[in-house]
Amino acid sequence: MKTKSLIYYALISSIFLFSLVSIWKILVTLQGIELKNFNFAIIIALGIAISLLNTLIGDKLNYIIKSTFFALIFTFIDGYIVQLMPVWYNIGIFGILIFFSLKINKYNQKYLATEHSSQIVVFDFLTLFGIVLFSFVILFPFYMMLITSFKTQAALLINPLDFSINFNQDFKELFKSYFVIFDTYKFGRYILISTFVSVGTVIVTLVFAIPAAYAVARLNFFGKNFLSTSILIIYMFPAIVLVIPLYTVFSQLGLRNSVGGLLIVYTATTLPVAIYMLQGYFRSIPKELEEAAIMDKLNWFGIIIKIILPLSIPAISSVALYVFMIAWNEFLFSLMFLDNPNSFTLSRAIQYLSGDAETPRQYLMAGSVVVTIPVLLIFVYFEKYLVSGLTAGSVKG
Amino acid sequence: MSDTLSKIEKRTAYILILPAVFLVFSIILFPIFANVWISFKEVGLKDIRIPEPRAKKIVKSIKDNPDQLKVIYKLRNSSLILEIRDVKFQDKLPKNIKPINLDERCRVKSNKIYCEFGNWDAKYRENFQILLKSSDGKQLNKKELKTIKPKLTGKSDNILLNTNFTLKNFKKVFFQNDFFDLLSTTFYYTFFGTIGSIVFGILTAQLVNQKFFGRTFMRSVLLFPYVGPVVALAYTWELLLDPYSGTLNNLLINFQVIQEPLNLLGQKYLTINFFGFDLKLRLALTTVIIFEIWRYFPLAFLFILARLQAVPKELYEAAEVDGAGPLQKFINITLPQITAVISILFMIRFIWNFNKFEDIFLLTGGASGTRTLPINVYEQGFTISDIGMGSAVSIVIVALLLIFMFVYFKLIGKRADEN
């Protein structure tokens, strides 16, 4: 056994334990339990002790017995001696300790004696640490969004740290913010408009992009290379430099405040990437199929409908989902073009709500949940398609 | 024969690409050129409304004379700035009605009144009257008369179409607009946002490239900030970071990490005492950069993960046989494999972060030292209502962008030559 490895192992594992316990403490605090201290010194000392004991005991004890033993000691010290905590807090700590003990079980004396063991230990724990930390940092705002939408203004002001939800109250009371945004602020209408614009953008984009992508992928014409390079360059141009001219022209043509105007702009901004993604896929379809079709006297329309489309369902789904997401989340153009509440999209409506300082924050968060849930659901359900769309279209964003 | 075939092919190709090219041209390329045009003009937000001749029609009965009706048209020029030339007026009359004592500018032809009012100056107003009389003795129908709306047409200069140009906007952009402050803020934001998202992308990709329980779930979760709507996420962060009722400040105070709440989005500088030196940290800008990293590292993660999964396992196995530790493996195998992806990512993210508008706009609105060039476009154009200035700032952005792209494609081309 190398001393260096042992020291590294004891330190990094106790820091990992500290981070796990601290995240649990934060979550517990948010349930209204009073906890003023992370007890850094005590937790780290306990962690080092447990890690060292674990290596000392090694395989002399069954690992289940060993883990339970460690967990009980830690829970007793943290939950009864240092501070008196409710049972459910201690159950959580007990679970964390069982998890931790099982993780450190493999670091016995033999393991720590191998070459590079100090590095491997550090990497192992950094990985675990990273997983826990990143999940927490990413999920916390979403968690907060959801919880806030179920609270009342008064409760939020009295104790901003109280994230507990009273499930015993009436269904109508619990979902009050949602009822309010749908009744008073007409969110039902905004959902319809957002859906219409997004789905419309998907359809129009595909109708324009599929023939163009087919031509770029298969046909020879003057200016083809120029076109395919300019597609990417055009895609790099940001919305913010288009805003002023489009605003003036749309104002003069009376296209502002119209959902149709928005649809045109969304289609144009997503077209380049849609063409780029589709033509890449079309190139991978064997040419022989089309040659056979030409023998059968099919024209280009027939070729696209009967051969290309059925074969490229995956690519088309990727493009469709990607475009849907872009259109659903889009904010800048809806801010510029819509100022009549009758034609707001969801994003614009939420921004409009927040413009009024009087709007209670739980309504704002309820609106945010309403606009976020559909994209996240679609994303989780169609992740495979969307990820390929994101990778191809990711120059944008 | 083949000649005609290739001709048909060409024609088909043009038909297929034309709709897409037309749309992209009119919505993306045209505005970019239009920016150049507008940026050399003095145009305010209110000037872009086209002047219109308008008329409000009022029908009145005449007390002593039930056979007659008086119609008053309240005429005006909608614009306060521009004149309208050759105003033409047209209104229809019900069949049994004839006008009497018609104004000399007007004439009647088959139940319609045509008038030519000539030129109207800006703010022009006139009350124009016509007396009407029943031609067959029947009662006059006031309602029917009211429902018919007059039509007016006129020619006016569109302020956007005349050829008066000025360099004023560009002078203002460079000399009266804290231009270098804007530029440096934009570069800070872009550079640190890009670097941060790539660093976290590498870390997370390295994580997810290993096997552990819940790995696919983790991969989805990591992408949440990127796929979520920016409006929802920005407002959630705003509530989270609020100095008084925000969760973060209350947590930090509760656990005694800080004594006073930090106004993370509203405070320009935070002075930190660092070994006796006072360091000034741009607090709001840093917060906005952290949000930016939080939202866009998933993209770097996705790219780098895809690359990592393509690295042959044999490389790592061979390194292990040679006795390399995890750190050496990362430096000698992983890093060289992902440098190409990282350089592409850097350029792409740099360009996009440079143009980022929504995130800062929603979080701080450009206040407390977070004003970047894109925010300035919006401010100039819509808060100060100076369309010309907004366009001029846009032009600066486009010019810088073209330089970045030039560098980018040079580098890509160089890389392609090397391989």
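Predicted model: local features only at pLDDT ≥ 70, side-chain atom pairs only at ≥ 80, totals over all residues.
1. Val121(A) lies in helix 6 (residues 117-148) of chain A; helices (H or I, at least four residues) and strands (E, at least two) are DSSP runs, numbered from the N terminus. Val121(A) is buried, because 23 other C-beta atoms lie within 10 Å. For this term, a residue is buried if 20 or more other C-beta atoms lie within 10 Å of its own, exposed if 12 or fewer, and partly exposed in between, with C-beta atoms placed from the backbone. Leaving aside neighbours within four places in sequence, Val121(A) is in contact with Ser5(A), Tyr8(A), Tyr9(A), Ile12(A) and Tyr107(A); contact requires the C-beta atoms of two residues, placed from the backbone, to lie within 7 Å. Val121(A) and Tyr9(A) are 112 residues apart along the chain, and their C-alpha atoms are separated by 6.0 Å.

2. Residues are numbered from 1 along each chain as its sequence is written, while chains are lettered from A and ligands numbered from 1 in the order in which they are written.

3. Both chains are divided into domains, with bounds that come from an automatic or database domain assignment. For chain A, the assignment gives domain 1 (3-148) and domain 2 (180-393), and their centres, taken over C-alpha atoms, are separated by 46 Å. Chain B is divided into domain 1 (51-156) and domain 2 (177-385); the C-alpha centres of domain 1 of chain B and domain 2 of chain B lie 64 Å apart.

4. The contact between the chains takes 87 residues from chain A and 78 residues from chain B. Helix 1 (residues 2-39) of chain B supplies the largest share of the side of chain B that touches chain A, with 19 residues. By class, that side of chain B has 54 nonpolar, 21 polar and three charged residues. Here Ala, Val, Leu, Ile, Met, Phe, Trp, Tyr, Cys and Pro count as nonpolar, Asp, Glu, Lys and Arg as charged, and the others, Gly among them, as polar.

5. In chain B, four strands form an open antiparallel sheet in the order 5-6-3-8, where two strands pair if DSSP finds at least two bridges between them. Its edge strands are strand 5 (106-109) and strand 8 (151-156) of chain B, each of which pairs on one side only. From one strand to the next, the twist averages 15°; axes are lines fitted to C-alpha atoms, for helices over the stretch in contact, and angles run from 0 to 180 degrees between N-to-C directions. Strand 3 (residues 84-92) of chain B is joined to strand 8 of chain B by five bridges, and the two run antiparallel. Ile84(B) has Ser156(B) in strand 8 of chain B as its bridge partner.

6. Another open sheet of four strands in chain B has the order 1-2-7-4, with antiparallel pairing. Strand 1 (53-61) and strand 4 (97-100) of chain B each have a single partner strand, so one side of each is left without a neighbour in the sheet. In this sheet the twist averages 30° from one strand to the next. Strand 2 (residues 68-77) and strand 7 (residues 125-134) of chain B run antiparallel and are joined by nine bridges. Tyr73(B) stands opposite Phe128(B) in strand 7 of chain B.

7. Strand 9 (residues 269-274) of chain B is hardly covered, as the count of buried residues among its six residues is zero. Six bridges join strand 9 of chain B to strand 10 (residues 277-282) of chain B, and the two run antiparallel. Within strand 10 of chain B, Leu281(B) is the bridge partner of Leu270(B). The hairpin of strand 9 of chain B and strand 10 of chain B has two residues between the strands, and in it Phe275(B) takes a positive phi near 50°.

8. Lys186(A), not a glycine, has a positive phi of about 55° and sits in the loop between helix 9 (176-183) and helix 10 (187-218) of chain A. Lys186(A) counts as partly exposed because it has 15 C-beta neighbours inside 10 Å. Ser368(B), also not a glycine, has a positive phi of about 45° and is found in the loop between helix 11 (358-363) and helix 12 (373-383) of chain B. Ser368(B) counts as buried, with 20 C-beta neighbours inside 10 Å.
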